[in-house]
Amino acid sequence: MDREEIKLARAKGCAKCNETGYKGRLGLHEILECTDAMKALIKRKEEVDTIRRQAITDGMTTLKQDGILKVFQGLTDLKEVRRVCIK
Ligand SMILES: [Zn+2]
């Protein structure tokens, strides 16, 4: 993605959304794929950190990453993603 092309949406209210700038619901998803490597880690009752690293290696998108991708698509804004999943 070109740096110049990145656009971030920001909520702007109108009558339809009761001046909030938000309407409806949008889910952020984090899907952990149970690969053979993952099954082996779970079987050995590995630490959460080890499992997280394997998940990311296996291509898992975290909630935060999914939220940021949805900000890039103009579906929501960073403020809302921060509110729900960035502590
Ligand atoms: Zn509106």
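Visitor: How many disulfides does the structure hold?

Guide: This is a predicted model, in which local features need pLDDT of at least 70, side-chain atom pairs count only at pLDDT 80 or more, and totals for chains, interfaces and linings use all residues. Residues are numbered from 1 along each chain as its sequence is written, and side-chain values use heavy atoms, with hydrogens and water left out. A disulfide is a pair of cysteine sulfur atoms within 2.5 Å. The number of disulfides in the structure is zero.

Visitor: Is cysteine 85 buried or exposed?

Guide: Buried means under 20% relative accessible area, exposed over 50%, and partly exposed in between (1.4 Å probe, protein chains only). Cysteine 85 has a relative accessibility of 16%, so this residue counts as buried.

Visitor: Which residues coordinate the zinc ion?

Guide: Donors are N, O and S atoms within 2.8 Å of the metal (3.2 Å for Na, K and Ca); water is not among the atoms, so sites may look incomplete. Cysteine 14 is partly exposed at 34% relative accessibility, while cysteine 17 is buried at 10%. At 2.1 to 2.2 Å, the zinc ion is coordinated through SG atoms by Cys14 and Cys17.
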